[in-house]
Amino acid sequence: MPRLLSQIHRLVRTHAFRLATLYFAVFAVSVLGVLVFIYWMSADFVERQTQATLDAEIAGLAEQYDQRGLSGLLQIVAARSAGDRGDGMLYLVTNPDGHPLAGNIAGWPEGKPVAPGPLSFRVSVKIKDHTEIHPAQGALLVIPQGYRLLVARDISDAALFRERVKAALLWAGLLALCAGIGGGAVMGRSLLRRVEEVNRTAERVMGGNLSERVPLRGTSDEFDQLATNLNNMLDQIERLMAGIREVSDNIAHDLRTPLSRLRARLELSLLGAPDAAAQSEAVRAAIDEADRLLTTFNALLNIAEAESGTRRNAAEPLDLAQTARAAAELYEPVAEEQGCALKLDVEPGIMIRGDRHLLSQAVANLLDNALKYGGGEVTLSAHQHDGRAALEVSDSGPGIPEGEREAVLDRFVRLEPSRSTPGNGLGLSLVRAVARLHNGTIQLGDNHPGLTVRLEFAAL
Amino acid sequence: MKLLVVEDDRETAAYLVKGLSEKGYTVDRSGDGREGLYLASSGSYDAIILDRMLPGMDGLALLGALRAAEIGTPSLILSALGSVDDRVKGLRAGGDDYLVKPFAFSELVARIEALLRRGGAAVATTKLRVADLELDLLTRSVKRGETVIDLLPREFQLLEYLMRNAGHVVTRTMLLEHVWDYHFDPQTNVIDVHVSRLRQKIDRGFERPLLHTVRGAGYSLRASD
């Protein structure tokens, strides 16, 4: 019982409930309005119709009296009163004392004043083998010399009709009320249930389960849209969390080694007899080691920054062709010194939205890799096609076996033959992060022989 | 030359004061933003070296207040915040240069020297001259003695920067930033190759070399050894 109470209490406090209540109030007021209007229209209509009939009848009989005198009137009234014509018309002509002379009403209604105007009274009506008391509505005409003409109509049918309408409207109102309450409750509950689903998911996510998602109904209504957006947000958060975890794992793993090497080198220089030359050599080596560490550290931070997508100026329009040419110009002397041919195949004016510094660094890293590990003929090309901007760096070196192409994009991954050359295995990771930050793609392919790295972005 | 170092980390500050004093500068030090602003407001310094995160008053706020008071002492911001956005923020706040921690001391000295020169001689020149090497900014031509030297546009910019800082050390990072406008470290020493190409063109065949490599620091263009 207390559980039910608390459930009701909770329901009452929800926005859905308030919405349903408001909906219901508006609904009830309008239904009530419609019902009252229907009742008023139909009852009033019947009453006015009766009154009009009576007025016309009186006017007609008065005319007859004017033309044919009292005896004529009595004849007509007697004729009209004879038999049941089914229209419920009642007539009565009395002398000045109220004694009936003709008509189908037994006598002057008891206690009713003799005054012109509408008159409501009760009349006993003979139906088959019994009599009933029926309500009647009449009009009185006082003929000169005090004779009275009463024309009336049995309004039991009208009264019955009114009662029926009243009952029907009452039932209709009750039915509408139930429908309103029911509809409100269903609406409230279904809203509440959808919101509850979102709440439960959020609670589970807060509880540490980042893989939870809000269930979809497949109706693509606004709740599904909300759920989709929330799920996308959760995907993004999960990706970022995974990125952070990976970075800290990498740092723990790959920075510890050079740090301990640095420490060992400094410690060694303190061992044995002090030798100024050897010591300064050791310090210089330690500084070099520290510089390399810093480079690695900066590269990691750069990648993390690009991956988390916090760089908001990744949205300024820039010319990818110009970025490519500038990077090529920076590396051209290096290529020449290494005896590589650096070929440029760049279509002018390829506008994309992006971060100039990060894209420059990505292109520089690709050229650096191509010259360092590939060699031979290195080609940098940039083209625009079907709304896509593509930048490609290819070399004619040994290439990367198909199975390992995905792996080299990860941090600190260096393939066997290249381990001896200087480098930290972060170059391609940054390129991938930059591509992702720009909603682009990175693809490693075969250049027969050599490696082709292709970046694709949406062109402006 | 009088320098102000505003840095709250004792060890870094001591290292800066010691190193800069050895280079012949008079160095004042403050470990607090407000005190730093007070000292800097005197306007008696030739350059200010400023940490970003300071107690009392943030380094950028300090710079803002200083610039608002129309004190234009050249300032170098030292910071552990190294992203391009952070640099841009620092330079917008009124900093003249931005150096990310940790840094090589030679890099710092080279940058301070460049700042001091910028503060002094802002005279518009059309010709730069070092010994018998002459660079004409208008015709964009270079001559050594009577020999005309053909340079590619980037080599011209490189030489111009070196000549504007003639007699002083410029680091590889400074060259990358000022000549190429790149704010990252290329893994290969691309700058060395560019400089050696330039050296081929301006020094080859001449008795006295002008473009010198300074070990562990960078390069220097000067008349004597």
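**Note on a predicted model with chains A and B**

1. Contact between the chains. In this predicted model, 20 residues of chain A are in contact with 18 residues of chain B. On the chain A side, the elements that give two or more residues to this contact are helix 5 (276–308), helix 6 (320–337) and helix 7 (356–374). Sorted by class, the chain A side consists of six nonpolar, eight polar and six charged residues.

2. Chain A in outline. Chain A has eight helices and 12 strands. Its length is 460 residues, of which 24% are buried. Take the contacts in chain A between residues at least 6 apart in sequence: 63% of them join residues at least 24 apart.

3. The nonpolar cores. The largest nonpolar core has 100 residues. Within this core, the residues that touch the most other members are A:Tyr331, A:Leu367 and A:Val434. Leaving aside residues up to four places away in sequence, A:Tyr331 touches A:Leu342, A:Leu367 and A:Leu371, and also B:Val190. There is also a second, separate core of 17 residues, with A:Leu61, A:Leu90, A:Ala136 and A:Val151 among them. As general background, nonpolar side chains in soluble globular proteins tend to be buried together.

4. A helix pair in chain A. Helix 2 (residues 15–81) and helix 3 (residues 156–206) of chain A have axes 9 Å apart and pack at an angle of about 170 degrees. Angles over 145 degrees count as roughly antiparallel, and helix 2 of chain A is therefore roughly antiparallel to helix 3 of chain A. The crossing of these two chain A helices is right-handed. The residues of their contact comprise 27 nonpolar, seven polar and two charged.

5. A helix pair in chain B. Helix 2 (residues 33–41) and helix 3 (residues 59–68) of chain B cross at roughly 25 degrees, and their axes come within 10 Å. Since angles under 35 degrees count as roughly parallel, helix 2 and helix 3 of chain B are roughly parallel to each other. Their crossing is right-handed.

6. Residues of the chain B pair. From helix 2 of chain B, the contact involves B:Gly33, B:Gly36, B:Leu37, B:Ala40 and B:Ser41. These meet B:Gly59, B:Leu62, B:Ala65 and B:Leu66 in helix 3 of chain B. By class, the residues of this contact are five nonpolar, four polar and no charged.

Conventions
Residues numbered from 1 in each chain as written. Chains lettered and ligands numbered in written order. Predicted model: local features only at pLDDT ≥ 70, side-chain atom pairs only at ≥ 80, totals over all residues. Axes fitted to C-alpha atoms, helices over the stretch in contact; angles between N-to-C directions. Helix = DSSP H or I, 4+ residues; strand = E, 2+ residues; numbered from the N terminus. Parallel < 35°, antiparallel > 145°, perpendicular 65-115°, else oblique. Left-handed = near helix turned anticlockwise from the far one by under 90°. Contact = placed C-beta atoms within 7 Å. Nonpolar A, V, L, I, M, F, W, Y, C, P; charged D, E, K, R; others polar. Buried ≥ 20, exposed ≤ 12 C-beta atoms within 10 Å, placed from the backbone. Core = buried A, V, L, I, M, F, W, Y, C linked by C-beta atoms within 7 Å.
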